[in-house]
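Here's a quick briefing to read with the structure open beside you. We'll go through some charged pairs and then a couple of pockets.

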Amino acid sequence: MDGKLVDFADAHVHVLSHSLHYGIAVFEGIRAYPTARGSAIFRLEDHVRRLVSSARIYQMPCPYTEPEISQAIIETQAANEVVPAYLRPILYRGEPALGVKNQKGKVSLAIGSIPARKYLGANSDSGVRAKISPFRKPRSDAIPSFAKAAGNYLNSYLAGVDAAQDGYEEAVLLDQEGFIAEGTGENIFLVRDGRLYTPGLEADILLGVTRESVKQIATDLGFPVIEKPLSVNELLTADEVFFSGTYAEIAPVREIGHTQVGTRCPGAITRQIMDVFYRTVKGEEPKYASWLTPVPTVPAPVPRAGRR
Ligand code: PMP
């Protein structure tokens, strides 16, 4: 927190903090994976760039440079030695400062680290069930989807809780025009006739780092990727559908509402993309080696003399 390693139990913020009351904080979700050469952080610089862009949108002066933030994330990961890890840098105003447009409070950076799990359940690699949410995405001229801000997740929360209460693993949110937008914490792709389709920024989505990775992998595998507005009917009749996100990774979709997607799950193209993606994060795909930042191992503490 603000440059110091703080014990998990002591990582407190004031109850009257601006960020807690108004949802004005920007954050990232990043994964560190085990590789043959130690742990590595996936697309660190892209996440840090998005964090700083999100802060700019909300006019939060970022107290650190991008390289400083990256270095702090690497050091947090090295200190925790947890893999796979989910790393959560957050820029927030943590001092007591009420008043919605109060910008005086200091902007702080904290980086949390927890053992990573699968956002859509331990078995999400073999397919999840999703429903079309009754909660739509707000338009970006109300709440910019480009920024990964805490307050955006009010919408994801409502959609996610509604889906869970109905027995689904995930929700598919539509934009205000009724086109497909994204999941509560993932982007969405569909496959039809050997091509991939995914909504563009005009659907008020977050431009996911995993989405970018999937686009690159699919293109390199020879599958064209097309960004366009997608209707619910195009989703329901797709050959394959999958979600992409840092915490969810790549999660094929088995059913949408009561409609089965395609004939088998994961579909053949989703399977190929998943294989390359999971090899990449383990450091087994030289082509995408630049997406991984190695984490130096911290030397083991020297044992104190006289104790065993
Ligand atoms: N959309 C939303 C709303 C998200 O919260 C996330 C997770 N950050 C994504 C998409 C996927 O983004 P990424 O691949 O960068 O994790």
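Let's start with a glutamate: Glu-285 has a relative accessibility of 15%, so it falls under the 20% cut-off and counts as buried. Keep in mind that this is a predicted model. A search of the whole structure turns up 19 salt bridges, and Glu-285 takes part in one of them, with Arg-279.

**Salt bridges**

- Side chains of opposite charge can pair when their charged atoms come close.
- Arg-279 and Glu-285 meet through their side chains at 2.7 Å, N to O. While Glu-285 is buried, Arg-279 is partly exposed, at 33% relative accessibility.
- Arg-211 and Glu-212 also form a salt bridge, at 3.7 Å from N to O.
- Glu-249 pairs with Lys-118 at 2.6 Å, N to O. This pair links distant parts of the chain, 131 residues apart: Glu-249 sits in strand β13 (residues 249–256), and Lys-118 is in the loop between β5 (107–115) and β6 (128–132).
- Glu-249 is buried, as its relative accessible area is 5%.
- Glu-249 and Lys-118 also belong to a network of salt bridges that links them with Arg-31 and Asp-125.

**The largest pocket**

- There's about 1000 Å³ of space in here.
- Its lining is made up of 36 residues, and Met-1, Arg-88, Ala-110, Ile-111 and Gly-112 lie nearest the centre.
- Elements giving two or more residues to this lining are α1 (18–22), β1 (25–27), α3 (66–80), β4 (85–93) and β5.
- Which element gives the most to the lining of the largest pocket? That's α3, with 8 residues.
- Sorted by class, the lining of the largest pocket has 21 nonpolar, 9 polar and 6 charged residues.

**The second largest pocket**

- This one holds about 480 Å³ of space.
- Its lining has 31 residues, with Lys-148, Tyr-153, Thr-184, Gly-185 and Glu-186 nearest the centre.
- At least two lining residues come from each of α2 (44–57), β4, α4 (153–165), α5 (209–220) and β12 (240–245). The largest share, 3 residues, is from α5.
- By class, the lining of the second largest pocket splits into 10 nonpolar, 14 polar and 7 charged residues.
- Domain 1 (8–115) and domain 2 (124–286) each give at least three residues to the lining of the second largest pocket.

Notes:
Residues are numbered from 1 along each chain as its sequence is written. This is a predicted model: local features need pLDDT of at least 70, side-chain atom pairs count only at pLDDT 80 or more; totals for chains, interfaces and linings use all residues. Side-chain values use heavy atoms; hydrogens and water are left out. A salt bridge is a side-chain nitrogen of Lys or Arg within 4 Å of a carboxyl oxygen of Asp or Glu. Helices (H or I, at least four residues) and strands (E, at least two) are DSSP runs, numbered from the N terminus. Buried means under 20% relative accessible area, exposed over 50%, partly exposed in between (1.4 Å probe, protein chains only). On a 1 Å grid over the protein atoms alone, a cavity is a set of points where a 1.4 Å probe fits but cannot get out, and a pocket is an open set with protein on both sides within 12 Å along at least five of seven lines; lining residues have an atom within 4 Å of a point. Grid points are joined across faces, edges and corners, and a volume is the space filled by probe spheres set on the points. Ala, Val, Leu, Ile, Met, Phe, Trp, Tyr, Cys and Pro count as nonpolar, Asp, Glu, Lys and Arg as charged, and the others, Gly among them, as polar. Domain bounds come from an automatic or database domain assignment.
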